[in-house]
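Please work through the following exercises with the sequence and the model side by side. Each begins with a task and is followed by a solution in steps.

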Amino acid sequence: MTKKHEPGMAYDMKKLNKVFAFLSVIFLLTVIWVFLDDYMRPWKMVQIEAMKIKRGKIDAKIKKAAAAIDSEKLSQLNAKLEEGKKIVASRKVELDKISKALGLISRDLKDETIINGQLNAQISALTFNYGVAHANHDKSAHSLFDQMQVKKGLFAKSKNNLKTLDSKKKVLVADEKKLREEFLSAERGIKEILNTKSLLTQAKATTDIDPIFVIRNAPLGDFLDPTVKIQQLVAKNITDDRYFQHVPKVDRCTTCHTFIDKPGYEEQPNPHKTHPNLDIMVDKDSPHPMKSFGCTTCHGGEGHRVTDFNSIAHTPETPEQRAEWIKKYNWHEPHKVPHVMFKKSMTEASCVKCHQGVEWIPQAHVLNEGRRNIEKFGCYGCHKIKGWEHKRKPGPSLKKIASKVDKKFFKSWVWDPKSFNKHAKMPRFFEQDNNSSPEFIKKNVAEVNAIADYIWSISSDYKPFAKYSGGNKKRGKELVKDIGCMGCHGADGFAKESKKIDAYAGPFLTGIGSKVDADWLVSWLKKPSHYQEDTIMPSFRLTNKEANDITAYLMSLKNKTFEKLDFESLDESARDEILISYFSAFDTKEVAEKRLSKMSSHERTLELGKRSIGKYGCYSCHDIEGFDGRAPIGPELTKVGSKPLTQFGFGHEHDVEHSRDGWIQAHLINPRRWDNGVDKPFKDLLRMPSFGMSEKDAKSITIALIGQVGDYVPLGGVKRLNHLETVTEKGMKVVNKFNCTGCHQVDGTKGDILGMFEDDLNEGPPRLNGQGHRVQADWFYHFLSNVYPIRPWLKVRMPSFNLSNKEKNAIVAGFQAKSDLHTFEDLGSQVVWEPGERSAAVKLFKSLDCTSCHSGGFTSDEASAPNLHYAKRRLRPSWIKKWLEDPQAILEGTVMPSFWEDGESADPDILGGDPKKQIDALTKYIIEIGHDKYSPNAK
Amino acid sequence: MAGKGLVQKVRDTQVWKSIFRHGPPDNARNRAAVVAGNVFLHLHPIKLKKSGVQLGYTWCMGGLTFFIFLALTVTGVLLMFYYRPTAEYAYNDIIALKEHVPLGIMREIHRWGAHAMVITVWLHMFRVFMTGSYKPPREFNWGVGVILLVLTLLLSFTGYLLPWDQLAIWAITVGSNMAKATPFMGHGGPGAMLAQIGDFVMVSDKNDVRFQLLAGRFVGEPALLRFYILHCVFIPCVVGVLIAIHFWRVRKDGGISAPL
Amino acid sequence: MSTETRQQLNRREFLSFLSVGWITFTAACAGLGSMAFRFSYPNVNFEPEMEFLAGKPEDYEEGVDERWKNGFGVWMVKQEGKLVALSNICTHLGCIPSWLPAELKFKCPCHGSGYYPSGINFEGPAPRPLERYAISLTPEGLIKVDKTKIFRHEKGQWELASSFLEV
Amino acid sequence: MKELINWLAEPIRSFPIFTILFILMLKYYKVIGTKKFGWGALIASIPVVAWFAADPNFIKIILWPDNIPINILIVLVSFFTWLTLYKCAENDNRLEAGEVPVEAMPENREKVWSWPNLVYTELFAIIACTVFLIAWAIIFKAPLEEPANPTWAPNPAKAPWYFLGLQEMLVYFDPWMAGVVLPGLIVVGLIAIPYIDTNPKGNGYYTFSERKMAISSFLFGWLVLWVYLIIVGTFLRGPNWTFYGPFEFWDFHKVEAMYNINLSEYIWIKMLNTPMPGNLVMREIFGIILTIFYVGALPVMIARTNFGQKLIEKSGQIRFYIFIFLALGMTSLPIKMVLRWLIDLKYIIALPEWELNL
């Protein structure tokens with residue numbers, strides 16, 4: 001049956017209405033949906049959870065506060081309050097009178113204020129008008145002035161009235177208070193007792209989930225003033241790079257990490273945990289307050305995003321955590337995100353961003369370790385890293401190598417340095433994952449042979465200036481132990497093997513006898529700079545006999561197994577094949593072969609040697625004639641932390657974690673692994689050598705490297721060194737270069753050599769705590785150039801370093817700056833005695849028996865303390881005083897006794913027993929008896 | 001003769017004819033066709049009473065207001081090419097217009113045009129009132145006109161902030177402080193303190209009308225952006241729609257008013 | 001069923017669908033409108049902080065305290081049992097007066113306006129007293145100063161509750 | 001002479017003067033509305049303007065770029081006011097003589113082609129306007145001051161010129177009245193005009209005699225309360241919103257002897273000599289009564305008068321009350337002005353505690 005419609009109607013109206021109703025309902029539901037969708041945010045639940053945690057804490061505090069309330073006293077006060085009420089009520093008549101009087105006064109005050117205000121306004125206007133009239137020489141000025149004076153008189157009167165009324169009012173108010181005193185004092189008392197609790201109760205109320213909370217945080221209603229809301233930190237001095245522009249960093253991490261800056265939540269699980277080390281991070285009084293540094297500045301990640309757990313690019317520390325997060329937060333690998341968060345253990349990487357131009361960063365232990373490792377392994381040799389450009393090349397110069405070692409040693413060493421010396425720093429290029437096939441080994445052998453031939457062909461002549469004339473091995477060993485060789489070197493049979501990263505600044509000596517010949521060694525020991533001008537090996541001012549003895553000992557340290565190694569000779573066909581591959585890079589094979597055929601066999605070998613040095617980048621670590629100024633072989637690492645992940649070649653290594661740090665760490669441990677499963681011609685193989693790094697080393701270097709980011713931190717955000725810090729850094733750079741800390745303890749860092757003197761630290765090299773304050777700058781400079789034994793009883797020797805003037809100055813200034821001292825100080829060399837002071841000093845000097853230890857120049861006894869006659873030019877008077885006062889505070893365990901322990905004088909008869917006066921006098925005496933000489937040998 | 005021939009030739013081409021459906025407007029039929037066949041001109045009636053074309057009677061202020069509105073739209077759109085509504089750049093961009101942008105005088109034309117539009121719209125209202133043209137059947141259109149007048153003021157007011165100079169922010173500060181005093185809806189207005197539950201102030205500087213207008217508690221960068229959008233997009237769109245209604249009603253209500 | 005009742009039924013049905021349609025349609029449109037409304041209130045903003053925590057009431061001694069003058073532009077003045085946060089902007093031309101402890105007054109170096117410690121002007125060209133900022137106590141017992149709320153003496157606003165703190 | 005003008009320009013004097021002139025203008029509109037008067041006024045004004053312009057202070061404020069629109073406004077408003085009066089006079093004379101208004105004359109009712117008559121008229125107007133705008137833009141650069149600085153306010157901080165009437169009202173009313181309620185009333189009142197004014201005459205032609213009531217109240221609001229206040233706010237208000245005469249230098253330090261007192265203070269302290277009650281409503285009770293009287297009782301009382309009766313008869317109760325309410329809203333401004341000048345009245349109701357000051 002066909003439906004009939006009204007004429008002119010295509011549809012039935014009823015049907016239209018139904019469809020309209022249906023669509024409208026869906027429309028309404030969608031609108032509700034969109035509101036709910038916008039309203040539901042994961043962080044809201046986190047904040048409510050935080051509220052509950054806080055509530056729990058407050059509850060505990062309230063309980064404590066309630067327990068602390070003295071209920072007895074409270075009830076007493078309550079009784080007093082009641083009593084007070086009655087008393088005050090009985091004074092109703094008086095109080096009424098006062099309040100009435102107060103009312104009248106307030107009326108009069110108001111009235112007078114109006115009058116006063118009117119007069120004041122009139123005077124202001126008149127003053128202006130008069131001023132204008134007067135300036136214009138107007139006739140009206142005079143009358144205006146008169147008017148003004150009249151008004152001013154009235155004003156003064158009214159002001160006086162006001163003051164009178166005011167004081168009257170004050171009296172009345174005081175009276176009223178007095179009348180109500182009993183009541184008020186009880187009220188005050190109660191308030192005081194309950195104060196803590198009531199404040200806490202108020203605080204608790206802010207965590208109530210009550211109707212007001214619901215209104216404030218309801219959908220649509222939350223525009224009013226929500227309590228659950230996004231929190232943010234805006235770091236003005238630190239920017240995010242948006243490529244067209246740098247924009248201030250905005251971190252909203254505190255939206256969920258609610259208590260991050262609030263102590264007391266340490267035991268909570270994340271995100272409600274307090275940040276560790278609030279003394280250096282996050283806290284507003286710490287050097288890195290949250291408000292100015294934000295969170296992602298250090299942690300990385302997308303701090304401005306709050307959508308869910310993933311949007312921030314949280315990075316799990318371990319696979320277990322990853323699994324947990326996947327379960328808990330639906331975590332997934334962040335993608336299309338500029339900055340993934342650092343793993344928790346790698347956060348220190350970020351320090352580098354702002355702490356630039358310093359050797360070590362305080363408290364960043366792993367990072368510092370990584371930076372030490374970079375220094376040790378010499379990464380900067382092949383890879384340019386900003387801040388490390390001007391370092392010494394990590395390896396020794398090869399310019400005179402032919403006269404130092406023989407060719408066979410050279411080849412075997414290059415092939416596998418660790419087989420000669422387990423502590424060898426030289427990495428291993430050969431027999432790695434990607435070049436161990438017989439064909440490649442053959443070619444590698446050819447290359448090593450060619451390198452040796454080439455190096456030998458360009459090595460300049462060197463003749464040792466001394467001849468080994470035989471020596472006592474045993475005495476030699478004693479000397480090696482005593483004079484301090486172990487500050488830099490190691491050898492089997494000496495102190496325990498060091499675990500320190502920067503141990504063995506010099507080579508490990510076991511096996512040295514198989515490496516060099518005796519004549520070379522004697523000359524080297526006597527004068528290292530004779531062989532290599534810029535060596536850091538110092539001269540120990542050895543006598544011929546000493547040098548020969550040491551040589552005798554060292555030459556006995558042989559590595560027999562290594563000596564027995566034979567190195568395969570060069571395979572000419574392999575050599576030619578490699579050369580052809582070089583030559584045919586730009587030409588056809590025929591041309592290449594033609595070119596080859598024109599060369600003699602020797603020329604071919606040298607050509608391959610030269611090319612191989614270039615290929616393996618030997619020149620990056622060693623000085624080699626003819627390679628000066630060549631660019632380092634490896635890619636620059638200055639911004640490796642910002643290198644896009646896609647630019648890291650993961651090859652077919654699927655078990656490596658797909659992240660920057662994962663790649664770098666895997667790469668450091670086995671640099672050739674990316675060639676696995678790839679068919680590459682010989683010339684294209686990866687060349688980065690293996691350093692035999694432990695996982696720990698690799699991780700620390702990784703941290704140091706991923707901190708090398710491209711982010712630019714505005715000047716306001718970076719750590720800027722002040723003048724003293726800059727000078728210190730410069731000095732410490734030299735100190736590190738020459739490995740002073742191998743022997744000396746410099747404010748915390750110490751060398752392994754001290755381990756040999758564990759029984760008596762005073763027998764070891766002097767500790768340089770507060771050295772900048774201890775010695776005078778001039779003396780220090782002089783000493784560095786002209787070393788002399790200060791402590792005659794020490795066997796260990798301060799060597800003479802091959803320091804430039806600039807370096808010496810840097811050391812002196814660096815130590816001074818480290819002790820917060822500027823260059824100039826009144827050294828008090830002109831002694832002015834107070835009356836009677838000198839005789840007291842002499843008496844003290846005697847009674848304290850200073851010369852029993854400081855015997856030098858006084859008695860002929862063997863001295864066990866420095867010669868006091870040279871203190872005048874060596875020590876700063878202010879330091880002497882400090883030293884005398886409490887030697888242990890400066891050098892723990894020193895044999896110098898404390899004569900004024902706890903500020904009490906040992907001899908109460910001298911100078912009235914005033915320790916300060918006594919110390920002053922003694923200091924003056926020491927200066928007075930001092931020679932005006934830097935050292936016994938100086939003029 | 002040759003010229004005339006050429007004009008005629010052009011007029012005879014298919015292109016010309018496809019655009020202009022009529023001959024030269026020198027006879028009654030074509031005069032009607034010009035107005036009726038042109039999307040812009042057909043705003044006008046084909047014929048109207050003579051009084052409606054006498055400037056002494058109409059002052060042409062409404063027409064000029066519309067024309068200035070169009071001129072402001074064109075210059076405004078052009079200015080947008082050089083102007084960025086951010087606290088960093090807004091002022092510098094105005095300096096650029098002043099100093100080196102070719103024909104940066106566009107800004108002067110825009111600004112003075114805005115003032116001129118305020119004046120013409122007022123005078124238009126003045127004239128309409130004086131001729132009693134709001135009387136039936138034009139009551140509704142008068143109302144639309146009043147709203148257009150208010151929107152004109154708002155357009156000018158929102159544009160006032162954009163140069164981001166002292167004149168701008170303080171004029172807008174003074175102006176927006178009035179919004180603060182709106183009864184019940186501004187935190188400084190009467191009745192605001194009634195909306196308070198316990199410690200929770202429902203009408204505060206964080207949520208009142210002024211905050212909504214400025215997107216902040218004072219005139220800052222968010223306010224600049226908001227005013228920019230209002231000035232360049234929102235209000236012009238509303239004005240455009242209302243102008244359409246206004247014109248349509250002028251025609252429907254009997255054209256330019258004349259004695260009944 | 002008579003045609004009349006059927007018609008009535010129809011009418012009822014007609015009314016109900018139409019009204020449901022219109023009511024829900026209107027509600028949904030209102031919802032969309034409120035979307036635009038809510039959209040105009042941002043959830044976060046980047047305005048400089050106008051509030052600060054100024055320690056505990058016990059930290060202040062009777063008289064004028066200058067610790068928040070630099071940085072926040074506020075004098076904390078404790079007098080007669082009231083602690084107030086006084087603006088340090090001269091009401092004359094906006095210079096910064098200095099506190100002269102010896103003479104117990106604020107003196108503006110620009111044009112010589114003088115104010116009592118209470119903030120009331122008593123000399124020079126200043127037209128009105130210094131302004132007070134809102135001051136209150138947080139549940140933790142700390143003083144919160146809110147510079148967005150200003151209290152003017154001449155408007156009688158110094159009597160209002162949050163213009164001072166009883167101590 | 002200049003001092004006299006300065007003195008006269010102060011709102012306390014210039015407002016009454018202006019009002020009186022306005023009344024005179026309406027009364028003698030037929031005299032004013034002649035070409036002779038128009039030319040005469042124009043010629044007479046030339047030396048006056050020249051003399052004014054010779055003053056450095058005056059020319060400075062007049063030529064300040066942002067004030068140019070107001071100069072134009074003054075010129076245009078003067079001209080068009082004269083023009084309406086001229087047209088009104090012409091028509092009224094004809095109507096008195098029993099003729100039809102000019103616009104209704106058969107030759108003016110004749111239908112003409114839009115093309116070219118109207119289109120060309122518009123085109124000419126557009127060209128003239130464009131030329132004018134370009135010339136204006138070339139001669140006067142748009143103002144640009146120092147970059148926005150939220151910490152330092154210029155003095156005076158003025159709103160755009162078209163809102164200066166409102167800002168001038170701020171002297172007499174609190175922002176909620178001057179900035180919200182009164183502007184709201186203006187807009188509502190304007191929209192309401194066609195519904196209140198039921199006078200069928202004067203539709204489509206200029207006439208004064210047929211719609212005296214409508215025109216005089218509109219022109220009062222337009223010319224006296226709007227344009228006049230804008231002129232005052234622009235030209236005569238300087239730093240601290242202090243009054244400066246047209247020839248006066250804007251001296252920063254100028255102070256006016258101004259000390260305003262609330263109505264409650266007047267009554268309780270000055271008249272009754274009693275302390276002010278602590279209860280807020282009690283304290284302000286007189287002001288509240290007065291206000292209720294003004295908006296509640298006064299309309300009823302007016303309705304009882306002859307004038308009211310006549311109006312009600314013509315347009316009905318609702319229209320009458322809306323009209324009276326709007327009119328009272330409009331007159332509240334001059335009333336408050338006069339009270340301020342006469343008795344230094346600050347607020348009729350002073351409830352700063354509730355932000356409710358009137």
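Two strands are said to pair if DSSP finds at least two bridges between them, where strands (E, at least two residues) and helices (H or I, at least four residues) are DSSP runs numbered from the N terminus. The model is predicted, so that local features need pLDDT of at least 70 and side-chain atom pairs count only at pLDDT 80 or more, whereas totals for chains, interfaces and linings use all residues. Residues are numbered from 1 along each chain as its sequence is written, and chains are lettered from A and ligands numbered from 1 in the order in which they are written.

**Exercise 1. Describe how strand E6 of chain C is paired, and place the strand in its sheet.**

Step 1. Strand E6 (residues 105-107) of chain C is joined by two bridges to strand E7 (residues 114-115) of chain C, and the two run antiparallel.
Step 2. Within this pair, Phe106(C) has Tyr115(C) of E7(C) opposite to it.
Step 3. The pair belongs to an open sheet of four strands in chain C, ordered E5-E6-E7-E8, with antiparallel pairing. Its edges are strand E5 (98-100) and strand E8 (121-123) of chain C, each of which pairs on one side only.

**Exercise 2. Characterise chain C as a whole, from its elements to its overall dimensions.**

Step 1. Chain C contains two helices and eleven strands, and along the sequence these follow the pattern α-β-β-α-β-β-β-β-β-β-β-β-β.
Step 2. The radius of gyration, taken over C-alpha atoms, is compared with a globule rule of 2.2 Å times the number of residues to the power 0.38. For a compact globule of 167 residues the value would be near 15 Å, but chain C has 29 Å.
Step 3. Along the principal axes, the C-alpha atoms of chain C fill a box of roughly 105 × 40 × 30 Å.
Step 4. A residue counts as buried if 20 or more other C-beta atoms lie within 10 Å of its own, as exposed if 12 or fewer do, and as partly exposed in between, with C-beta atoms placed from the backbone. By this criterion, 24% of the 167 residues of chain C are buried.

**Exercise 3. Which residues of helix H32 of chain A are buried, and how are they arranged?**

Step 1. In helix H32 (residues 837-847) of chain A, the buried residues are Ala840(A), Ala841(A) and Leu844(A).
Step 2. These residues lie on the same side of H32(A), because they cover an arc of only 100 degrees around the axis, the arc being that of the directions from the helix axis to the C-beta atoms.
Step 3. The buried residues of H32(A) pack against helix H36 (915-929) of chain A.
Step 4. Just after H32(A) comes Asp849(A), which takes a positive phi of about 55 degrees.

Methods:
Contact = placed C-beta atoms within 7 Å.
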